[in-house]
Amino acid sequence: MHTELRCTYDIFFENYSRFIMSCIKNFIRMNNIPINHEDVDDIYQNIAIKIIKNKYIEKYDNEKSSMSTWIGTISRTTAIDYYRMKRHHYNETDISEADSCVGQEDVQPGLQLPGGVLSRRQAQVISLFFQEGLEAGEIAGRLGISPQTVRSIKFQALEKLRRHYGAVSEEEVAQRRKAP
């Protein structure tokens with residue numbers, strides 16, 4: 001890497017490291033993702049690698065978005081990728097352990113949602129998302145609604161499930177709704 005570009009990247013990370021970490025932590029907190037401090041560091045490193053490897057600083061256009069929006073988008077998508085990769089790894093581990101410990105007849109197929117907690121549409125979206133592994137756009141296409149509506153339904157359903165299982169208090173739910 002040229003000395004001038006290296007200096008540009010050094011200055012960028014010096015100025016925006018705290019903001020990047022804040023974006024990562026906010027995303028994790030808002031989505032109730034069980035990730036530890038080492039994972040946050042790994043996500044930060046993945047963001048830095050992505051920015052440097054793809055020469056994002058040279059490609060940044062302040063006419064299209066603000067720096068904070070741009071960094072937030074990169075941080076959020078990298079955190080999502082990291083979490084999906086980690087979840088996929090855990091699912092493979094869980095499946096192989098389950099196969100060795102439990103007879104096939106003991107495994108219940110499908111997602112078991114508590115009755116009476118979710119609306120029919122919420123249960124449908126949650127099942128398509130978690131059981132079939134579909135993305136918001138794919139679910140939207142199937143159900144004839146917008147991807148934003150799918151994300152909204154999913155968010156509301158997860159909040160209901162968190163309350164049902166006691167993973168979040170009513171006060172925390174109210175605070176999340178107020179947050180920008």
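A nonpolar core is a set of buried Ala, Val, Leu, Ile, Met, Phe, Trp, Tyr and Cys residues joined through side-chain atoms within 4.5 Å. In this predicted model, the largest such core has 22 residues. A second, separate core holds ten residues. This briefing describes the cores and then helix α5.

**Nonpolar cores**
- Within the largest core, the residues that touch the most other members are F12, F13, I20, I24, I43 and I51.
- Two or more residues of this core come from each of α1 (3–30), α2 (37–53) and α4 (67–101).
- The greatest contribution to this core is that of α1, which supplies eight residues.
- Apart from its neighbours within four places in sequence, I51 contacts Y9, F12, F13, Y56, I57 and I74.
- Among the members of the second core are L128, A136, L143 and I153.

**Helix α5**
- Helix α5 comprises twelve residues, 120–131, and extends 16 Å from its first C-alpha to its last, close to the 16 Å expected at 1.5 Å a residue.
- The residues Q122, V125, I126, L128 and F129 of α5 are buried.
- These residues lie on the same side of α5 because they cover an arc of only 165° around the axis.
- After α5 comes G133, which has a positive phi, near 70°.

**Packing of α5 and α7**
- The axis of α5 comes within 9 Å of the axis of helix α7 (residues 147–164), and the two cross at roughly 100°.
- The two helices are therefore roughly perpendicular, since angles of 65 to 115 degrees count as such.
- On the α5 side, the residues in contact are R121, Q122, V125, I126, F129 and F130.
- On the α7 side, they are V150, I153, K154, Q156, A157, L158 and K160.

Notes:
Residues are numbered from 1 along each chain as its sequence is written. This is a predicted model: local features need pLDDT of at least 70, side-chain atom pairs count only at pLDDT 80 or more; totals for chains, interfaces and linings use all residues. Side-chain values use heavy atoms; hydrogens and water are left out. Buried means under 20% relative accessible area, exposed over 50%, partly exposed in between (1.4 Å probe, protein chains only). Helices (H or I, at least four residues) and strands (E, at least two) are DSSP runs, numbered from the N terminus. Contact means heavy atoms within 4.5 Å. The expected span of a helix is 1.5 Å times one less than its number of residues. The arc is that of the directions from the helix axis to the C-beta atoms. Axes are lines fitted to C-alpha atoms, for helices over the stretch in contact, and angles run from 0 to 180 degrees between N-to-C directions. Angles under 35 degrees count as roughly parallel, over 145 as roughly antiparallel, 65 to 115 as roughly perpendicular and the rest as oblique.
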